[in-house]
Amino acid sequence: MGYYTDLILILDSTVRLAIPLILACLAGLYSERAGIVDIGLEGKLLGSAFGAAATAAVTGSAWMGLFAGVGVALGMSAIHGIASINLKGNQTISGVALNFLAAGLTTFLGQSWFHRGGFTPQLSGDQRFGPITLPFAPELANVPVIGGLYSELISGHNILAYVAFIAVPVTAWVLFSTRFGLRLRAVGENPKALDTAGISVTLLRYQALIITAVLVGIGGTYLSIAQSAGFNNNMSAGRGYIALAALIFAKWKPWPALATCLLFGFLDALQFRLQGVQFPYIGEVPVQAIQVLPYLLTIILLAGFIGRAVAPKASGIPYTKER
Amino acid sequence: MTFSTFTKAIAGGVALSAILTGAALADPALIYDGGGKFDKSFNESAYTGAEKYKAETGGSYSDLEITGDAQREQAIRQFATKGFSPILVPGFSWATALQTVAPEFPDTNFVIIDSVVDLPNVRSVVFKEQEGSYLVGILAAMKSETGKIGVVPAFNFELLEKFACGYKEGAKSVNPDIEVLETYVGAGFEAFNDPAKAAEVTRSQLDQGVDVVFQVAGGAGAGVLQAAADAGKFGIGVDSNQNYLHPGNVLTSMLKRVDVATYNAFMDEKNGTFTPGVVTLGLAEAGVGAAFDEFNADLITPEMKAAVEDASAKIASGEIVVHDFMSDKACPV
């Protein structure tokens with residue numbers, strides 16, 4: 001197999017690993033831009049992964065699973081919204097509470113519904129989102145250079161993966177070219193000004209939380225019924241936190257967010273591929289050294305190249321109309 | 001509260017706890033490891049053994065799933081205080097906690113699986129995983145058409161290497177030229193819970209031409225078997241018989257009879273024949289093996305089965321000695 005094919009396959013793996021990160025990262029972007037810190041992304045990912053897998057298992061339909069996954073995320077966002085917007089509670093605490101709630105509740109409900117110790121039944125066929133072959137992919141597969149790129153890398157992902165990639169330009173457009181986007185950014189920087197202009201801060205923040213929930217709900221659904229075939233305990237495995245880190249990395253901007261998530265995915269995919277490989281002159285590198293690569297590179301990039309990341313000014317601060 | 005009522009209250013409490021202890025005496029307890037009760041693997045196997053004990057004796061047992069490492073000592077202590085015996089803890093992660101708690105309850109019997117705790121009231125059950133892995137390695141090498149097979153351990157850890165090393169040795173015994181890829185899912189215990197990443201690691205191996213993958217990743221192993229089945233290739237299960245998960249795409253499973261170890265420990269306590277010390281279960285003791293059933297019958301040729309039976313007999317008789325990774329922390333192949 002040539003280097004080019006290898007590269008395509010690694011990039012293909014990169015895409016699959018990055019999808020849940022991209023969705024969660026964009027989700028976080030909307031809420032943080034609106035001034036709401038969402039540590040609860042991890043819990044929302046987990047909760048919606050469970051909702052999607054459980055519903056898909058019962059109804060036999062992946063689409064019903066998607067609805068349920070997004071529904072769970074919406075419910076959790078509603079709790080977060082009430083606690084942090086209406087009751088003006090501490091957003092970090094509310095988010096952490098959601099994470100605990102999701103971890104405990106998914107296992108508990110999974111056990112009482114399916115009696116498999118928190119696992120949902122194995123899903124197959126229509127219960128999952130299968131790969132979509134784009135037009136002409138098989139025909140083009142043998143065309144040099146472009147064929148492999150198109151049939152392996154671009155074609156053959158599931159619908160949720162394409163949604164994730166479409167969400168990036170859409171987010172960039174919404175955020176920087178629409179009135180809603182302008183207000184969303186303003187409410188995260190200076191809610192007082194917006195309030196003075198007669199725009200409801202509460203409404204805007206709820207709108208942001210709804211978008212957040214839809215995106216992270218799709219991410220969780222991807223995790224359990226597209227990438228895997230069922231739910232298991234704690235399957236989000238810290239992806240929500242990584243997405244938050246990626247968000248800081250990307251300075252709360254959509255395109256850099258995409259790039260960062262792809263970078264994280266790429267480093268992981270590369271790491272899998274390099275394990276046990278004989279390098280010229282060096283020989284086999286200890287696996288620990290390979291596995292530390294993604295973390296090491298992250299630190300180097302963060303410390304050396306990214307520069308200062310400034311969060312939206314009002315992020316994390318509940319808005320009080322009058323004092 | 002006067003002094004006398006105080007002492008009465010204490011006396012009452014002591015009496016009550018004595019009654020509770022009496023009632024629960026000799027009931028065994030089982031505390032599952034991180035992967036959870038129904039991991040379709042290691043813990044579930046312990047559960048199967050306990051259920052068998054319950055069905056055969058009409059007795060009962062208590063069990064618990066922990067949610068974090070901090071609960072380990074507390075959980076053992078709680079069961080011990082309530083008078084359960086033996087208290088069985090499957091998994092090497094329990095070793096430290098048991099080392100601490102077992103001496104506090106000298107009259108309670110403990111059983112640990114996969115690790116050795118050298119105390120007078122602890123039975124340590126260890127398996128010769130390398131022998132069972134050797135057998136599935138033979139099957140993998142004979143099934144492979146590409147000359148490349150893979151193994152996916154959860155992370156770089158001695159016990160998991162023991163499986164991987166036996167597998168490699170078995171594979172090379174039938175095809176010295178076979179290439180065995182080894183890729184870890186993660187770098188720590190959380191890798192046991194990440195089937196999505198395990199599936200991705202497996203796809204990475206399949207992309208490189210591997211056509212049979214042996215999973216040694218507990219709960220995350222479901223992702224390995226899923227990825228292999230999705231690609232129309234073969235996975236190999238571990239610990240429990242996982243052939244049924246994807247009929248036609250799970251070549252075999254490396255059985256580790258945790259259920260037998262659990263059942264035996266519970267029965268020994270019931271019959272008053274419980275013995276502490278190290279118990280080693282290998283092929284000769286039918287403690288490990290390769291799974292053959294109706295789900296993989298079509299995948300296994302008579303030659304493959306014959307090769308496994310031949311190797312089993314030779315290992316059991318000592319003619320073949322499969323290298324134990326734990327003995328020198330190195331794999332010769």
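Predicted model: local features only at pLDDT ≥ 70, side-chain atom pairs only at ≥ 80, totals over all residues.

Colleague: At roughly what angle do the axes of α2(A) and α11(A) cross?

Modeller: Roughly 135°, and the axes come within 7 Å. Helix α2 covers residues 41–59 of chain A, and α11 covers residues 239–249 of chain A.

Colleague: Is that crossing left-handed or right-handed?

Modeller: α2(A) passes α11(A) in a right-handed crossing.

Colleague: And which residues of α2(A) meet α11(A)?

Modeller: A:Leu41, A:Glu42 and A:Leu45 do, and across from them in α11(A) are A:Arg239, A:Gly240, A:Tyr241, A:Ala243 and A:Leu244.

Colleague: OK, what about α1(A) and α10(A): how do their axes cross?

Modeller: Helix α1 (residues 3–33) and helix α10 (residues 201–227) of chain A cross at roughly 165°, with axes that come within 7 Å. That makes α1(A) roughly antiparallel to α10(A). Their crossing is left-handed.

Colleague: What sits in that contact?

Modeller: On the α1(A) side you'll find, among others, A:Ile19, A:Pro20, A:Leu23 and A:Tyr30. The α10(A) side includes A:Leu209, A:Ile211, A:Leu215 and A:Tyr222. By class, the contact has 15 nonpolar, four polar and one charged residues.

Colleague: Switching to chain B. What's the strand order in the open sheet with parallel pairing?

Modeller: The order is β2-β1-β3-β4-β5-β11, six strands in chain B. At the edges you have β2 (62–65) and β11 (277–281), each pairing on one side only. Neighbouring strands are turned by 15° against each other on average, ignoring direction.

Colleague: How many bridges join β5 to β11(B)?

Modeller: Five, and β5 is residues 122–127 of chain B. As an example, B:Val125 has B:Val279 in β11(B) as its bridge partner.

Colleague: Where does the antiparallel part come in?

Modeller: β10 (residues 250–256) and β12(B) run antiparallel and are joined by three bridges. B:Met254 is paired with B:Ala290 there. By contrast, β6 (residues 148–153) and β7(B) pair in the parallel sense over four bridges, with B:Glu182 in β7(B) as the bridge partner of B:Val151.

Colleague: Through which helix does the chain cross from β6(B) to β7(B)?

Modeller: Through α6, residues 158–174 of chain B, and this β-α-β crossover is right-handed.

Colleague: Last topic: how many residues does each chain bring to the contact between them?

Modeller: 27 from chain B and 27 from chain A. On the chain B side, β7 (179–182), α7 (195–207) and α8 (221–230) each supply at least two residues. The largest share, eight residues, comes from α7(B). By class, that side has ten nonpolar, eight polar and nine charged residues.

Conventions:
Residues numbered from 1 in each chain as written. Chains lettered and ligands numbered in written order. Pairing = 2+ DSSP bridges. Axes fitted to C-alpha atoms, helices over the stretch in contact; angles between N-to-C directions. Contact = placed C-beta atoms within 7 Å. Nonpolar A, V, L, I, M, F, W, Y, C, P; charged D, E, K, R; others polar. Right-handed = clockwise from strand over helix to strand, strands pointing away. Parallel < 35°, antiparallel > 145°, perpendicular 65-115°, else oblique. Left-handed = near helix turned anticlockwise from the far one by under 90°.
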